[in-house]
Amino acid sequence: MDVVQATSISRSYGETLAVDGLDLNVPEGQIVAILGPNGAGKTTTIEMLLGLRRPDSGKVRLFARQPDSPYARARVGSMLQDHVGPENLTVRETVALVRRYYPWALPVDGILDRADLVGKQRSKIGELSGGQRQRLSFALAIAGDPDLLFLDEPTAALDVVARTAFWQQVRAFATLGKTILFSSHNLGETDDVADRIVVIDHGRLVADDTPAGIKGLVADRTVHLTTDASREELAAMDGVKALDAVDGTQGESGSWVVQTRRPEHLLETLFSRGRTVTGLQVVETDLEAAFLHLTRASGERAA
Ligand code: ATP
């Protein structure tokens with residue numbers, strides 16, 4: 001069964017079309033990353049999926065119900081902002097308080113354990129570090145033992161160590177068969193967490209695939225080089241899937257980032273034609289490059 005079903009949802013704020021006819025179905029047990037640059041429409045999408053905002057048009061169902069129905073509400077946990085409760089309550093008191101709102105809540109100790117907060121349970125919220133607050137926010141999101149968990153840029157304020165620990169907690173929760181949807185603009189971390197990546201830009205879905213598939217959409221290799229070959233010449237080479245000029249290029253030579261299946265062919269051809277090649281670097285395409293390319297392409301189409 002699809003836990004999330006969004007059909008052609010749109011939402012504007014005045015003149016700004018934030019989400020533009022988006023379709024998204026998420027089956028049970030999947031970990032889905034919603035990626036996109038700032039202002040892409042990720043938060044608005046998540047708010048509509050959660051029933052916190054009504055779409056201007058289109059339809060959302062969670063567990064085949066209205067997202068704001070008591071049934072859907074009880075099965076969904078969300079971590080939307082870092083406001084976690086009154087500053088003078090302890091971590092344990094806050095967790096105990098919030099879990100009372102849910103019909104199928106987890107035990108307090110289980111929640112504290114899953115969020116790695118056992119050692120901090122007697123601390124007041126006002127005394128927590130940013131990373132600890134984030135963990136508390138996660139604890140409150142899972143308090144009702146949700147089947148679907150929404151995380152809106154959950155690691156934005158965390159350092160690398162805290163991030164890794166956080167994703168371990170999320171993955172452990174996912175192994176219980178839970179569905180997880182999170183937004184991010186940090187690609188590095190989504191690569192090994194998500195089963196599926198949905199890329200949104202200008203309120204539209206520009207890609208929807210596995211992390212490997214997203215990388216494959218661009219190419220196998222990224223070649224950085226400065227050459228006197230023209231854009232047309234580079235673009236016509238066999239295996240080239242994408243070509244981006246690096247800003248600030250002047251004179252006869254241009255600096256390029258080329259995505260290609262056949263880096264050797266590209267270089268052999270340039271050398272055989274007597275083209276200059278400097279600043280050469282060939283690297284495996286990472287998710288960041290794939291994503292930048294996808295969102296840039298959608299920006300060009302929108303323009
Ligand atoms: P970010 O990564 O920066 O959080 P996002 O992908 O979550 O961005 P949204 O917050 O959904 O994007 O915003 C999408 C667009 O809608 C942006 O152009 C934003 O300026 C606009 N927008 C969002 N919320 C409002 C609002 N309450 N009033 C007016 N415009 C809004």
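Around the ligand, β2 (16–27) and α1 (42–49) each put at least two residues into the shell. Helices here are DSSP runs of H or I with at least four residues and strands are runs of E with at least two, numbered from the N terminus. The largest share of that shell, three residues, comes from α1.

This is a predicted model, where local features need pLDDT of at least 70 and side-chain atom pairs count only at pLDDT 80 or more, while totals for chains, interfaces and linings use all residues. Residues are numbered from 1 along each chain as its sequence is written, and side-chain values use heavy atoms, with hydrogens and water left out.

So who's around the ligand? In total, 13 residues surround the ligand, and the closest are Asn38, Gly39, Lys42, Thr43 and Thr44 (a residue counts if one of its heavy atoms lies within 4 Å). By type, the shell splits into four nonpolar, seven polar and two charged residues; Gly counts as polar here, and Asp, Glu, Lys and Arg as charged.

Some polar contacts (pairs of N or O atoms within 3.5 Å):

| Side chain | Distance to a ligand oxygen atom |
|---|---|
| Lys42 | 2.7 Å |
| Thr43 | 2.6 Å |
| Glu153 | 3.2 Å |

Taken alone, the ligand exposes 630 Å², and the protein buries 61% of that (Shrake-Rupley areas, 1.4 Å probe).

Now to helix α3 (residues 91–99): its buried residues are Val91, Thr94, Val95 and Val98, with buried meaning under 20% relative accessible area (1.4 Å probe, protein chains only). Down the axis of α3 they fall within an arc of 95°, so they line one face of the helix; the arc uses directions from the helix axis to the C-beta atoms.

Key: Buried means under 20% relative accessible area, exposed over 50%, partly exposed in between (1.4 Å probe, protein chains only). A polar contact is a pair of N or O atoms within 3.5 Å; within protein, one must be able to donate a hydrogen and the other to accept it, and residues adjacent in sequence count only if both atoms are side-chain atoms.
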